Amino acid sequence: MQATVAEVITAAREKKIPLVLDADALWLIQQKPDLVRGYKECVLTPNVMEFGRLAQAVGVDTEGDTGRKGCQALANALGGVMVVRKGGVDWISDGTDERTVTGDGEGGRKRSGGQGDTLTGSIGTLLAWRNMYLEGQWDTEGGMGREETLMLAAWGGSAITRECSRLAFIERGRSLQASDLTDKVPVAFETLIGEKEESKL
């Protein structure tokens, strides 16, 4: 299975297709970091533990810093890959100061395994829309480049996921499961971004 995933990543790179990698794919990157090293169309979404293992795999001593400094160091060691380090605050960086931001919306008070699926799905959707924007398929005032729009897709995914978690926790409390976030995606999207006619951005 991991060999197949490695082939898919390689093929996506050859075709310049954006990637969002989480969970078992991050384990693969720990074993073979060159699969993504230098691929600036790739977003990795590690939690704190996965972040530590990735940093160790590429020889980065974060000195226990999983925030700004650590996130930038890991992104740099991977040649500018976008890293979304999930946590109480999501740190998002491609290794540069200008594209290092936080996802610090309130979020829910309970974290359950699988919430990363909402994050990767949200980022993946925004990356697809990013491609349409970059290809000029929409009538826009334009002007943003590949790096900026990649960072915005990663940040947008973080913001949507945190809002889904907040809304689901209000409704479900401590019984919240990751699947409860799915129903909140439309409301979170509308609250944070909105449709073109009434965009909040």
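1. Five strands make up an open sheet of mixed pairing, in the order 1-2-3-4-5. Strand 1 and strand 5 stand at the edges, and each has a single partner strand, so one side of each is left without a neighbour in the sheet. From one strand to the next, the twist averages 15°. The axes behind such angles are lines fitted to C-alpha atoms, for helices over the stretch in contact, and the angles run from 0 to 180 degrees between N-to-C directions. Strands (E, at least two residues) and helices (H or I, at least four) are DSSP runs, numbered from the N terminus. Two strands pair if DSSP finds at least two bridges between them.

2. **How to read the model.** This is a predicted model: local features need pLDDT of at least 70, side-chain atom pairs count only at pLDDT 80 or more, and totals for chains, interfaces and linings use all residues. Residues are numbered from 1 along each chain as its sequence is written, and side-chain values use heavy atoms, with hydrogens and water left out.

3. **Strands 2 and 3.** Strand 2 (residues 42–44) runs parallel to strand 3, and 2 bridges join them. Look at Val43: Met82 in strand 3 stands opposite.

4. **Strands 4 and 5.** Here the pairing is antiparallel, over 4 bridges. Ile92 has Val101 in strand 5 as its bridge partner.

5. **Helix 4.** Which residues of helix 4 are buried? In this helix (residues 68–77) they are Gly70, Cys71, Gln72, Leu74 and Ala75. Buried means under 20% relative accessible area, exposed means over 50%, and partly exposed lies in between (1.4 Å probe, protein chains only). The buried residues of helix 4 pack against helix 3 (48–57), strand 3 (82–85), strand 4 (90–93) and strand 5 (100–103). Contact means heavy atoms within 4.5 Å. Gly79 follows helix 4, and its phi is positive, near 75°.

6. **Cysteines.** A disulfide is a pair of cysteine sulfur atoms within 2.5 Å. By this rule, the count is 0 disulfides. Cys42 is in none, as its nearest cysteine sulfur, that of Cys71, is 13 Å away. Cys42 is buried, at 0% relative accessibility. Cys164 is buried too, with a relative accessible area of 0%.

7. Most residues other than glycine have a negative phi. Lys16 has a positive phi of about 60°. Its place is the loop between helix 1 (2–14) and strand 1 (19–21). Lys16 is exposed, with a relative accessible area of 61%. Ala23 also has a positive phi, near 50°. Ala23 is in the loop between strand 1 and helix 2 (24–31). Ala23 is partly exposed, at 41% relative accessible area.

8. **The second largest pocket.** How much space lies in this pocket? About 240 Å³. Of the 15 residues that line the pocket, Gly87, Arg111, Gln115, Arg162 and Ser165 are the closest to its centre. Helix 5 (115–134) and helix 6 (146–172) each supply at least two lining residues. On a 1 Å grid over the protein atoms alone, a pocket is an open set of points where a 1.4 Å probe fits, with protein on both sides within 12 Å along at least five of seven lines; lining residues have an atom within 4 Å of a point. Grid points are joined across faces, edges and corners, and the volume is the space filled by probe spheres set on the points.
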